[in-house]
Amino acid sequence: MDLKLYDTLTREKRPFTPLDPSRVRMYVCGPTVYDFAHIGNARPVIVFDVLFRLLRHVYGAEHVTYVRNITDVDDKINARAAEEYPNLPLNEAIRTVTEKTEKQFHEDVDALGCLRPTVEPRATEHIGEMKVLIERLVATGHAYVAEDHVLFSVPSMADYGRLSNRSLDEMEAGARVEIAPYKKDSKDFVLWKPSKPGEPAWPSPSGIAAPGRPGWHIECSAMSWKHLGEVFDIHGGGIDLVFPHHENEIAQSRCSFHTPVMANYWMHNGFLQVEGEKMSKSLGNFFTIRELLADWPGEVLRFNMLKTHYRQPIDWTLKGVAESFDTLVTLTSDPTFISGKETTIAPPVLEALSDDLNTPKAIAELHALQNKGDVVALSSTLRALGFSRRPQSPRQVDEQKVVALLDARNAARKGKNFKEADRIRDELTAMGVLLHDTKDGTTWEIGR
RNA sequence: GGCCACGUGGCGGAGUGGUUACGCAACGGUCUGCAAAACCGUGUACCCCGGUUCAAUUCCGGGCGUGGCCUCCA
């Protein structure tokens, strides 16, 4: 079985060969913890969870290290903390916000059937590593100090821009943002900046007296280095991170370690739209994972996400989610799914996933297993892919009332009063309850 | 303006230089008091215009459309 992955850097799909098969290493950019994660945030979490599971299957669970960071130092966090907890000292307010949000994030992605990564490092716990990298970059002329900032010198790196396919000239022409006066070059970016009073602050590197805090990109270079090494196998994230975030990570890491690459495979998931439009709060089509979980089981949201190949744009629609619900109910209808325990990926599904994570094809293969009647392989594969429960609507109904109505209906049926029986069924339907009359009696379930 | 994706049947979505993917929905049937579920059956689509070819949805060129990045947004 050959695993093939598409690499954004080389723009080709090619066989995956880990640097060290006994320790396959993957880094994925995680959340900035200041608010509930939205459904767009869920996409990379789910996509790379599938990849994590696939790698564990192929190389053995103990041979895969998956690092997903938690960004807990950021302007948006500061703003949120000051807004929500105006009476607390800022640093305390920040900690409250980040801890609360991290907990919410974990609850949400757990519900989506995602395994926890091997390591979830926090930015604030890696300030030391960041400073080491910054000092190195300054020492080798790849960075410089200016007005208490440390800036990365983009022209110092000859092949900057390869990931996003931009030449240095192009970026010069396209520069239309106001340029900070202390930058030597418009493309230079911040590695370290001074903190305003009250903001999180650490002793600065490179002889800067004023306390400061890290820029956005350096944390990922520091944390991937600490937990995975100077060069590792896979680096993932949303396609919007290609520029500038990943481009700058590459610059920082490669210039620190003098390596030809930072990661051997760069993987990026496509963007998500909602009902054909860009998701935005002003359009009213902005959904958090938490909101969707109130209406839908997590596994349905997960399935819906995987119906589309990860590099394709996905149009998230209510109709699509409803369809996913029905499809997943059918796939999980066999009793072996409920009772079984095995988790292994059936060969045809494995083959589909091995082709750059072709999840739509994999789902087609699940249907093929079902049509063949191979329910054991089907159930075991579903579990291996993170589908552990049969979907059930999270909506609640008054069970006593349902039973009472059910009894009334059956009494009516017995007396051949079918008009009344149908009326009661309509009433139950309106409550969201579906009936199944069988020769052994009537069963019911909550519809979607 | 620059760079980059994508455009397949009612919908979702694989794939392929020539042979019905698959799923959902729909329709017909069996079953049922009627339904639901289940089972059986029914659907030949690939944005437009050129080119290459015996043959293109699949390759090449152009156009149109949608979206993304170029603004610390997954």
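This briefing covers salt bridges in a predicted model. The structure holds 33 salt bridges, each a side-chain nitrogen of Lys or Arg within 4 Å of a carboxyl oxygen of Asp or Glu. Residues are numbered from 1 along each chain as its sequence is written, and chains are lettered from A and ligands numbered from 1 in the order written. Local features need pLDDT of at least 70, side-chain atom pairs count only at pLDDT 80 or more, totals for chains, interfaces and linings use all residues, and side-chain values use heavy atoms, without hydrogens and water.

**Glutamate 323 and lysine 307**
- These side chains meet in a salt bridge at 3.8 Å, N to O.
- Glutamate 323 lies in helix 10 (residues 318-331) and lysine 307 in the loop between helix 9 (298-306) and strand 13 (314-316), so the pair ties together parts 16 residues apart in sequence.
- Helices (H or I, at least four residues) and strands (E, at least two) are DSSP runs, numbered from the N terminus.

**Lysine 361 and glutamate 365**
- The closest N and O atoms of this salt bridge are 3.1 Å apart.
- Both residues lie in helix 13 (residues 359-372), four residues apart, about one turn of the helix.
- Lysine 361 is partly exposed at 40% relative accessibility.
- Glutamate 365 is buried at 19%.
- Buried means under 20% relative accessible area, exposed over 50%, partly exposed in between (1.4 Å probe, protein chains only).

**Arginine 413 and aspartate 437**
- Their side chains form a salt bridge at 3.4 Å, N to O.
- Arginine 413 sits in helix 15 (residues 399-414) and aspartate 437 in strand 14 (residues 433-438), so the pair links parts 24 residues apart in sequence.
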